[in-house]
Every structure is written in C-alpha cells, then in structure tokens.
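Please find below a note on the model under review.

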Amino acid sequence: MMKKLFFLPLLFACSLQAQTIKVLTYNIRLDNPGDGPDRWEVRKAALAAEVLRHQPSVAGFQEVTK
C-alpha cells in the first residue's frame, strides 16, 4: 500500500504538461508631437499590430499616458 501512495504523486507530476508564457514589453515613449514621423499617433498602429501578432500572455508597457 505504501508504495502505491508514493507513486501516485509522482505519476501526477509526470502527467503535467509544460506551459508556455509569452511576455511582451514595449516602451511607448513620451507622446511628443515634436517627434515628427516618430510621434505616438504614427507609432500606435504598429504597436497594436505587434500585440495582435504575438498574442502575449502578459504585456508590460513603459511611459503610458491616457
């Protein structure tokens, strides 16, 4: 009986499958209208496309404003 109880948790642990977690980080950068072609209004569509393309489990952003 003792051997069976020992192997049950081991069998359960071996049956677990590894999970993949995708992490996306992006520095949005300060929204500065003086950035010309690099201003947020131009870059935001590219960021949205990247998020949709990679479909991260977790996303972190820096310098985000409303």
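The numbered points below take these topics in turn.

1. Basis of the note. The model is predicted, so that local features require pLDDT of at least 70 and side-chain atom pairs pLDDT 80 or more, whereas totals for chains, interfaces and linings use all residues. Residues are numbered from 1 along each chain as its sequence is written, and side-chain values use heavy atoms, with hydrogens and water left out.

2. Fold. The protein contains 2 helices and 2 strands, arranged along the sequence as α-β-α-β. Helices (H or I, at least four residues) and strands (E, at least two) are DSSP runs, numbered from the N terminus. Among contacts with a separation of 6 or more, 67% join residues 24 or more positions apart; a contact means heavy atoms within 4.5 Å.

3. Burial and surface. Of the 66 residues, 6% count as buried. Buried means under 20% relative accessible area, exposed over 50%, and partly exposed in between (1.4 Å probe, protein chains only). The protein exposes about 6,100 Å², of which carbon and sulfur atoms supply 63%; accessible areas come from the Shrake-Rupley method with a 1.4 Å probe, and for residues only the protein chains shown count as cover.

4. Salt bridges. The count is 3 salt bridges, each defined as a side-chain nitrogen of Lys or Arg within 4 Å of a carboxyl oxygen of Asp or Glu. In one of them, aspartate 35 pairs with arginine 29 at 2.5 Å between the closest N and O atoms. Aspartate 35 is partly exposed at 22% relative accessibility, and arginine 29 is partly exposed at 35%.

5. Lysine 44 and glutamate 41 meet at 3.5 Å, N to O; they lie 3 residues apart in helix H2 (residues 40-54), a separation of about one helical turn. Lysine 44 is partly exposed at 37%, while glutamate 41 is exposed at 52%. Glutamate 50 also bonds with arginine 53 in a salt bridge, with closest N and O atoms 3.1 Å apart, and these two residues are likewise 3 apart in helix H2, about one helical turn. Glutamate 50 is partly exposed at 31%, and arginine 53 is exposed at 57%.

6. A buried charge. Which side chain of opposite charge is nearest to arginine 43? Arginine 43, located in helix H2, is buried yet has no salt bridge, and the nearest such side chain is aspartate 35, 4.8 Å away. Neighbours within four places in sequence aside, arginine 43 contacts Ile28, Arg29, Leu30 and Asp38.

7. Nonpolar patch. Ile21, Val23 and Val58 form a nonpolar surface patch with about 300 Å² of accessible area together. Patches comprise residues with over 30% relative accessible area and no salt bridge, like charges being joined within 9 Å and nonpolar side chains (Val, Leu, Ile, Met, Phe, Trp, Tyr) within 5 Å. Valine 23 belongs to strand S1 (residues 23-27) and is exposed at 59% relative accessibility.

Notes
Lys and Arg count as positive and Asp and Glu as negative; His and the chain ends are not counted.
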